[in-house]
Amino acid sequence: MNTPVSISTRVDPSSVPFRALPDGARIPVVGLGTFGSDSVTGDQIAAAVIDAADVGYRHFDCASVYSNEHLVGKSLTTIMKQGVARKDLWITSKLWNNKHGEAEVIPSCRQSLKDLQLEYLDLYLVHWPFPNFHPPGCTVDSRSPDSKPYIHENFMRTWRQMERLVDLGLVRHIGTSNVTIPKLKLILRDARIKPAVNEMELHPHFQQPELFRFVQENGIVPIGYSPVGSPARPERDRTADDTVDIEDPVLIEIARRHGIHPATLCVKWAVQRGQIPIPFSTKRRNYLANLQAAVTPPLTDAEMSAIAGLDRNCRLIKGQVFLWKDNQSWTDLWDLDGKIAT
Ligand SMILES: NC(=O)c1ccc[n+]([C@@H]2O[C@H](COP(=O)([O-])OP(=O)(O)OC[C@H]3O[C@@H](n4cnc5c(N)ncnc54)[C@H](OP(=O)(O)O)[C@@H]3O)[C@@H](O)[C@H]2O)c1
């Protein structure tokens, strides 16, 4: 007679490793993304948030531009009514690009708090370093007429308000997202409260080794977005040259050896490398597997080196909609020559 195989359907949240911030705060090493890529509805995501908490998730990555914080907030309230303490949750939200004005930062954060039904956020990020709005669901050639390049003095005006949010107790930590080394150097030079975290695109085909190292060397925790290679990303974020991580034969072979999906392997590699992946999923089987990846036996050194060798420098979220001039290349957003593009 076969022995029944016990398939775990939950992960004990206290067994999920965390990364510690200088003030002792602890971020669970896997979070659930909540951006539906313009195709998954807010209600589906809100349902996944409740169920992911049941599975063991305590970390949720939100943003006002995802247009679902009011629904995610209901889910967070449900989760807390079910017995999860607020202090055991890690909730991130982000300031959208059309709210960089000095008078807009605090009200925008208050709106996210209201929508999320929370008294404070664990982390509030400046979503992009450009004050360039694009509406949800727009196309790749969408540009806002008053778009600007990165202007450090303006960014610091926004950052001063982010710092005030910490002073006011509305936010525990602040951070950056989609910045480059030259921009971060200036921000670190001028910030009173340094970014605790930098959220950046990170997956096996886009490992950003220099920025990753710079962030870690400066005591900033890297959060990796699109950790699976964002296979369902919106049309505006696709180009013919993009590669597909989860179809990489090396990843497929290592995943097969571990009995997991290549997507889950991407998450596992990310945790072991030292970033905090925030995979999006609305399928219980998948978000359970992604959290389990943080608590199952590690990849071998040889497997980690094999994946390190897969980097294709393939940025998927290029940010074309944030460009500020006609006939510009998206590479201007990313300061590839080490200088901030103007
Ligand atoms: N700061 C920023 O500017 C920024 C930018 C982009 C994203 N983000 C954040 O990062 C989060 C994740 O990024 P993303 O949504 O672009 O991409 P992603 O997490 O790399 O990919 C999500 C896709 O992968 C699939 N997937 C996830 N786990 C899987 C598994 N174990 N097996 C098979 N398929 C799996 C999901 O499908 P199923 O639903 O079918 O499982 C979903 O279609 C976002 O939700 C958002 O919170 C932040």
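## A guided tour of the predicted model

The model is predicted, with local features needing pLDDT of at least 70 and side-chain atom pairs counting only at pLDDT 80 or more, while totals for chains, interfaces and linings use all residues. Residues are numbered from 1 along each chain as its sequence is written.

Keep the protein chain selected and consider its dimensions. Along the principal axes, the C-alpha trace spans about 70 × 45 × 35 Å.

**First helix pair**

Next, select helix α1 (residues 42–55) and helix α2 (residues 69–81), whose axes come within 8 Å and cross at roughly 20° (axes are lines fitted to C-alpha atoms, for helices over the stretch in contact, and angles run from 0 to 180 degrees between N-to-C directions). α1 and α2 are therefore roughly parallel to each other (angles under 35 degrees count as roughly parallel, over 145 as roughly antiparallel, 65 to 115 as roughly perpendicular and the rest as oblique). Among the residues making the contact are Ile45, Val49 and Ala53 of α1 and Leu71, Ser75 and Ile79 of α2 (contact requires C-beta atoms, placed from the backbone, within 7 Å). By class, this contact of α1 with α2 has 8 nonpolar, 3 polar and 2 charged residues (Ala, Val, Leu, Ile, Met, Phe, Trp, Tyr, Cys and Pro count as nonpolar, Asp, Glu, Lys and Arg as charged, and the others, Gly among them, as polar).

Now select α3 (residues 105–116) and α4 (residues 152–167): their axes come within 9 Å and cross at roughly 50°. That angle makes α3 oblique to α4. Val105, Ile106 and Cys109 of α3 meet Thr158, Gln161, Met162, Arg164 and Leu165 of α4. This contact of α3 with α4 has 5 nonpolar, 2 polar and 1 charged residues.

**The ligand**

Finally, select the ligand and the 31 residues around it, of which Gly33, Val228, Ala263, Phe280 and Ser281 come nearest (a residue is near a molecule if its C-beta atom, placed from the backbone, lies within 6 Å of it). The elements giving two or more residues to this shell are α8 (262–273) and α9 (284–292). The largest share, 3 residues, comes from α9. By class, the shell has 12 nonpolar, 15 polar and 4 charged residues.

Conventions: Helix = DSSP H or I, 4+ residues; strand = E, 2+ residues; numbered from the N terminus. Contact = placed C-beta atoms within 7 Å.
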